[in-house]
Amino acid sequence: MVMKWTVCLVALALLGSFCEAQWIPGVPTPNKQVPHNPQQTKQTFEKALTWKYPEDPQPLPKDNVAFELRSPVAASSVSVDCREKIVHVEVKRDMFGTGQLINPADLTLGNCAAVGEDTNAQVLIYEAQLQDCLSALRTTEDYIIYTFTMNYLPRPLGSSPVVRTSQAAVIAECHYPRKHNVSSLALHPAWRPFSAVRMAQEFLYFTLRLMIDDFQHERPSHQYFLGDIINIEATVRQFFHVPLRVYVESCVATLSADATSTPRYAFIDNNGCLLDARLTGSTSRFLARTVDNKLQFQLAAFKFHGAQSGLLYITCHLKASSAAHAIDTEHRACCWNNGWYEAGGVFDVCGSCESGLGTQPPLNPKGIPQFPGRKIRDVSKSEVLEWEGDVTLGPINIAEKMVV
């Protein structure tokens with residue numbers, strides 16, 4: 001009974017509080033309490049802020065350094081000797097001429113590894129039967145040709161992922177004549193079969209290169225100006241041959257690579273006579289020989305009158321013969337300097353150069369310049385080993401110098 005009364009009293013107290021909280025129309029509500037002024041105020045600065053984000057750093061100025069991009073020179077690192085039944089190949093370990101020696105395991109002749117190495121000369125040696133090492137055989141009317149491929153596949157250096165040489169493939173060919181001389185006459189001891197003279201022809205390479213002033217390196221640029229001297233070196237590269245002497249038999253300058261085009265200027269003619277100095281009063285000349293398989297000459301830069309293009313192409317007919325053969329009127333390198341001089345010091349062979357002044361190479365029925373070819377030789381006389389080839393150099397850009 002006491003508990004019931006207690007519950008009722010609590011209920012009445014709560015009901016009274018609820019009634020007091022109710023809004024009764026017509027009865028004014030008590031005034032709301034006005035909040036006090038805030039405690040915080042906006043801070044002001046006596047001086048304006050001068051700080052700002054720093055600017056990005058400027059790149060350092062580049063120094064004006066004299067630099068000339070040098071063109072790489074092809075390395076003569078592979079030599080081939082085609083023998084009766086095998087091919088013998090020698091490869092320098094500095095295959096690319098960069099000083100980086102290759103790993104012998106990365107270079108194969110077809111699928112054949114090196115059979116030996118000359119450690120002193122740093123040369124790898126390969127030998128194979130003509131039908132082995134994935135060689136390919138083809139025939140022409142005059143030759144049987146075996147083709148081999150030197151495959152170079154560099155692997156990373158050590159444990160690093162880098163290489164300093166690139167993949168390369170070098171083609172090596174062996175040419176064997178299909179036709180031989182047959183005669184019922186006894187062979188004279190001083191006479192050699194025609195096949196012996198021509199057999200090694202495919203292993204000779206004639207080159208023309210533009211050289212720097214001291215002729216020690218190939219010139220990386222083909223740009224010249226009027227008044228400059230063009231240094232040219234003619235070379236015969238020989239592989240396992242008797243010593244050879246190279247001659248520049250004739251040279252023609254044209255505006256295009258086509259030696260038959262016009263205008264053209266024959267500045268070397270008549271079996272090795274450099275006529276430019278004699279015709280134009282220039283300083284063009286042959287340099288004295290230092291080695292037999294190279295011949296160096298200088299040509300004063302020029303342009304064709306009335307031609308818009310400053311490009312020149314030079315096509316030369318080169319000839320190589322045994323160094324044991326004497327210099328004569330058909331094997332010479334003569335130039336003019338108030339008289340005729342020969343690069344090998346045999347001056348008396350230059351007298352007939354005067355007869356070639358002002359002439360141009362004759363044209364064959366097809367309109368192609370007809371350079372002097374191999375002459376018929378008397379088999380009763382001692383045989384002269386001789387090879388010939390045409391080489392074109394260019395384009396060479398000749399520009400005019402500015403006058404200030």
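How many nonpolar, polar and charged residues are found in the lining of the largest cavity? The lining holds three nonpolar, two polar and two charged residues, where Ala, Val, Leu, Ile, Met, Phe, Trp, Tyr, Cys and Pro count as nonpolar, Asp, Glu, Lys and Arg as charged, and the others, Gly among them, as polar. The model is predicted: local features need pLDDT of at least 70 and side-chain atom pairs pLDDT 80 or more, while totals for chains, interfaces and linings use all residues. Residues are numbered from 1 along each chain as its sequence is written, and side-chain values use heavy atoms, without hydrogens and water.

The lining residues are Ala288, Arg289, Thr290, Val291, Lys294, Leu295 and Gln296. A cavity is a set of points on a 1 Å grid over the protein atoms alone where a 1.4 Å probe fits but cannot get out, and lining residues have an atom within 4 Å of a point.

Turning to the nonpolar cores, each is a set of buried Ala, Val, Leu, Ile, Met, Phe, Trp, Tyr and Cys residues joined through side-chain atoms within 4.5 Å, buried meaning under 20% relative accessible area with a 1.4 Å probe, protein chains only. The largest core has 37 residues, of which Ile230, Val248, Phe267, Phe286 and Ile396 touch the most other members. Another core, of 22 residues, lies apart from it and includes Val80, Cys82, Cys133 and Tyr146.

Leaving aside residues up to four places away in sequence, Ile396 touches Leu210, His222, Tyr224, Ile230, Gly310, Leu311, Leu312 and Ile314, contact meaning heavy atoms within 4.5 Å.

Terms used. 1 Å grid on protein atoms, 1.4 Å probe; cavity = no way out; pocket = protein on both sides within 12 Å on 5 of 7 lines; lining within 4 Å. Buried < 20%, exposed > 50% of the residue type's maximum accessible area, 1.4 Å probe, protein only.
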